[in-house]
Amino acid sequence: MNAPVLVINCGSSSIKYALIDSDPQAPRLEGIAERLGSEEARLKGKNSAGERFTQPLPGADHTQALSTILERMEGRLPAAVGHRIVHGGEHFTQAALIDDSVMAAIQTTAALAPLHNPANLAGIAATQNVFPELPQVAVFDTAFHQTMPPRAYRYALPENLYAEHGIRRYGFHGTSHAYVSQRAGELSSRGTGGWLAAHLGNGCSTSAVWNNQSQDTSMGLTPLEGLVMGTRSGDVDPGLHAHLHRQLGWSLDKIDNVLNKESGLLGLSGLTNDMREIEEAAEQGHATAQLAMEVFCYRIAKSLAALSCALPQLDGVIFTGGIGENSPIVRRHVLSLMPHFGFVLDNDANEATIRGKEGKLDSAGHDGPQVWVIPTDEEGRIAMETRHCLETRV
Ligand code: ADP
């Protein structure tokens, strides 16, 4: 299938899109329709010449925004639509061609992702209005981690919570971990072996991947578990909720909101959730920004070290996401906290590998585990999985 795939990531008031050709060199048309449903709704994007545009869409809903996106396709009509779906539960271990039964199964998992799955379903419905003839494929953030063994995905909770309510670890950022670990296997002399990946963006997660299969990951039932993130706390004592409720009278909604939206880098620093600003403030001697940086990096190193237990052999570590791809400071700090692992960082390569560059950062000639920066390409991976799903369906 050579015609382009339209990749859609639909939130409750936004649609991110990218039109992706099978030729990786072909320019992508991409953008975001945001603030949908309000008078400030607008479409921001890039055309094939790389020029940026902003188009006001006052009062537009998802269907109207998709019609405008269609007008911006410069006559390159997609052959299929690939949807990013946050939660596929245990039902989806790979991408699926969307039909009524797939829609129903996504609906069933909505309880596990109440903010995301309903918005994703609304996006599918709007896309079907605008592109009724096109095949639509669901690509799940959780699917890549369905290869995790029970020892990694089970919580030590009563069995019926798992069996009857699906309470287990699922993991997220699956398309990113799948893409960067496969790419490391292609680029590295080590091939597809044992890789640790750190996806560090606004959301952050680590994974352990053996022969292209996820063995463990830091996120769990929800994307709140694991690392310190922009505004999310990551791991806390599970007793914290009861403590806050009993001692401060906080409601569950308030606790959920604080842990998801007011914690992480923002909560620790009291300043910002943005790593660039944390780095600047830390550099200027701001104590809480320095603490935020320390906790952030220590928790990444601790998570990577823990996940190494999931691998029979360690071939290397991969950094990706806005922070992983652009922050030599974070990469150096994390690796300095893992002295027993034998990573040897080349400082010049570390400083030079930023702004979308792919590269190996370890000193030449050593034969310990390698260090890679691989810019993630979640949209490209969704387009690839969409094509694969359509080409292999029986
Ligand atoms: P999302 O998870 O929303 O896709 P990104 O992957 O774009 O987010 O990552 C956003 C994070 O990357 C922000 O914390 C931002 O500060 C950080 N970042 C981007 N560029 C740099 C940089 N040059 N140095 C440090 N951090 C950066």
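Author: Helix α8 (residues 252-261) gives the largest share of the lining of the second largest pocket, five residues. Helices (H or I, at least four residues) and strands (E, at least two) are DSSP runs, numbered from the N terminus. This is a predicted model: local features need pLDDT of at least 70, side-chain atom pairs count only at pLDDT 80 or more, and totals for chains, interfaces and linings use all residues. Residues are numbered from 1 along each chain as its sequence is written, and side-chain values use heavy atoms, with hydrogens and water left out.

The pocket has a volume of about 690 Å³. A pocket here is an open set of points on a 1 Å grid over the protein atoms alone, where a 1.4 Å probe fits, with protein on both sides within 12 Å along at least five of seven lines; lining residues have an atom within 4 Å of a point. The volume is the space filled by probe spheres set on the points, which are joined across faces, edges and corners. The lining has 18 residues. Closest to the centre are Thr 222, Leu 224, Val 236, Pro 238 and His 241. By class, the lining divides into nine nonpolar, four polar and five charged. Ala, Val, Leu, Ile, Met, Phe, Trp, Tyr, Cys and Pro count as nonpolar, Asp, Glu, Lys and Arg as charged, and the others, Gly among them, as polar.

Now the ligand. Its shell holds 13 residues, and Asn 202, Asp 274, Met 275, Arg 276 and Gly 322 come nearest; near means a heavy atom within 4 Å. The shell splits into two nonpolar, eight polar and three charged. Both α10 (275-283) and α12 (321-326) supply at least two shell residues. The largest share, four residues, is from α12.

Polar contacts are pairs of N or O atoms within 3.5 Å. A backbone N or O atom of Gly 322 is 2.9 Å from a ligand oxygen. For a polar backbone atom of Arg 276 the distance to a ligand oxygen is 3.2 Å. For Ile 323 it is 3.4 Å, again from a polar backbone atom to a ligand oxygen. Alone, the ligand exposes 580 Å², of which the protein buries 69%; areas use the Shrake-Rupley method with a 1.4 Å probe.

Last, the sheet. Six strands form an open, mixed sheet, ordered β11-β10-β9-β12-β14-β13. Strands pair if DSSP finds at least two bridges between them. β11 (213-217) and β13 (359-360) are at the edges with a single partner strand each, so one side of each has no neighbour in the sheet. Strands β9 (residues 194-200) and β12 (residues 316-320) run parallel, joined by five bridges. His 199 has Thr 320 of β12 as its bridge partner.

Definitions and conventions: A polar contact is a pair of N or O atoms within 3.5 Å; within protein, one must be able to donate a hydrogen and the other to accept it, and residues adjacent in sequence count only if both atoms are side-chain atoms.
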